[in-house]
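Let's walk through a few parts of the fold together.

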Amino acid sequence: MPCVRAPRTLLTSLAIALAAAASASALPVVAIDPGHGGADSGAVGILPPGAVTGLEPRFNTQLQPVLLEKDVNLDVANRLNAWLMARGFPTLMTRSTDNAGGDVPYTDVGSDLRARTNLANARPAEIFVSIHQNSAGTAASGTETYVKIGAPAPTQALAAAIQRSLVACLALTDRGVKERSFFVVRETTMPAVLVEGGFLSSPTDVALLAQPDFRQKMAEAIGGAVWSYAGLGDPGPVCSGAGAAAPPPVPKAVTVARAGRALTMRAGINPLKGDLWIVTVRDATGKPMSSIPLRARLPNGKGVSVTSRPDGKALLAVPRRTGRLAVAVAMPGIAVSATAQVPARPR
Ligand SMILES: [Zn+2]
């Protein structure tokens, strides 16, 4: 360097900038592959009552709140992407929206998977991590990581590091590293692994996967393993889950009850053709909550939207037809619902 009398602070800043630039260019490109998307939901888990997921609310045909694998995978992938980018890793997301690989509408599994491996191979990425959640009988639980059959040593090392880190952070059963000819680990040209974080079919696993801080831990566990695999040493604390957003105050309970005759008459419902039902929304302390959007499915299969009033109540005109009345809170990330049996001839 020429003899320039630059202030010490400027030289120090320059040294840090040069070091950062050098380390950034040396860090491997990480492809993050959130499994499934769009019309392919992946595995489906039944959520426990009152679960606050921080994700788009999803319901099955019975309006039970459910957790979809595609949503969990994308959330973990977004968290992993943020963790890696904050540390200077160049990254590539094979999808960043609720779509197939390449963020295009889902058509078929073949083009979806091919789009994912094409993106990673074209960059080229130097590490490929596919994120999935498992499904089997309700008794199956735990974490496993897959590599292709006959995977070379670097791939095995990456998989072992990720599996070890996930088990340490998530504390689920260690189901080990396994070899399987999954498309995305077989058709990629770099060390590639497929993580199955937990089982959506397991009541215990699904209760954990529903929690934002658990998904943050999963992301940090994978990130920490990628950090170590890249030869950067100790990644520091990676199991905190502290980066997870605090959940907003949310409805905790929804009840459905048939209205009395006086209210029915006042509301102008023809008692021969229909009946009035009252939905009540409450917070964790039992206080009524106003302005909460609700979705209901009437016994005739018709869907309606209503909003709770200042007293926490919303009124539903329900046809006199026997069947189930199901009501759910229609707010992002909130899975609170209630059902009732509608008799054919009330009163
Ligand atoms: Zn999957």
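What follows takes in a pair of helices, then a single helix, then a set of strands. Keep in mind that this is a predicted model.

Start with helix H4 (residues 153–170) and helix H7 (residues 212–229), which pack with their axes 8 Å apart and at an angle of about 145°. The crossing of H4 past H7 is right-handed. On the H4 side, the contact includes Ala-157, Ala-161, Ile-162 and Leu-166, while H7 brings in residues including Met-218, Ala-221, Gly-224 and Tyr-229. Sort the contact residues by class and you get 12 nonpolar, 3 polar and 2 charged.

Now jump back to helix H2 (residues 69–86). Its 18 residues, at 1.5 Å a residue, should span 26 Å, and the C-alpha atoms at its ends are 26 Å apart, so the two agree. H2 is also mostly covered, with 14 of its 18 residues buried. Just after H2 comes Gly-88, which takes a positive phi of about 90°.

Finally, look at strand S15 (residues 323–329), another mostly covered element: 5 of its 7 residues are buried. Which strands does S15 pair with? One of them is strand S12 (residues 293–297), which runs antiparallel to S15 and is joined to it by 4 bridges. To find your way along that pairing, look for Arg-297, whose bridge partner in S15 is Ala-326. Strand S16 (residues 337–342) pairs with S15 too, in the antiparallel sense, over 6 bridges. There, Ala-328 stands opposite Ser-337 of S16.

Conventions. Residues are numbered from 1 along each chain as its sequence is written. This is a predicted model: local features need pLDDT of at least 70, side-chain atom pairs count only at pLDDT 80 or more; totals for chains, interfaces and linings use all residues. Axes are lines fitted to C-alpha atoms, for helices over the stretch in contact, and angles run from 0 to 180 degrees between N-to-C directions. Helices (H or I, at least four residues) and strands (E, at least two) are DSSP runs, numbered from the N terminus. A crossing is left-handed if the near helix is turned anticlockwise from the far one by less than a right angle, and right-handed if clockwise. Two residues are in contact if their C-beta atoms, placed from the backbone, lie within 7 Å. Ala, Val, Leu, Ile, Met, Phe, Trp, Tyr, Cys and Pro count as nonpolar, Asp, Glu, Lys and Arg as charged, and the others, Gly among them, as polar. The expected span of a helix is 1.5 Å times one less than its number of residues. A residue is buried if 20 or more other C-beta atoms lie within 10 Å of its own, exposed if 12 or fewer, and partly exposed in between; C-beta atoms are placed from the backbone. Two strands pair if DSSP finds at least two bridges between them.
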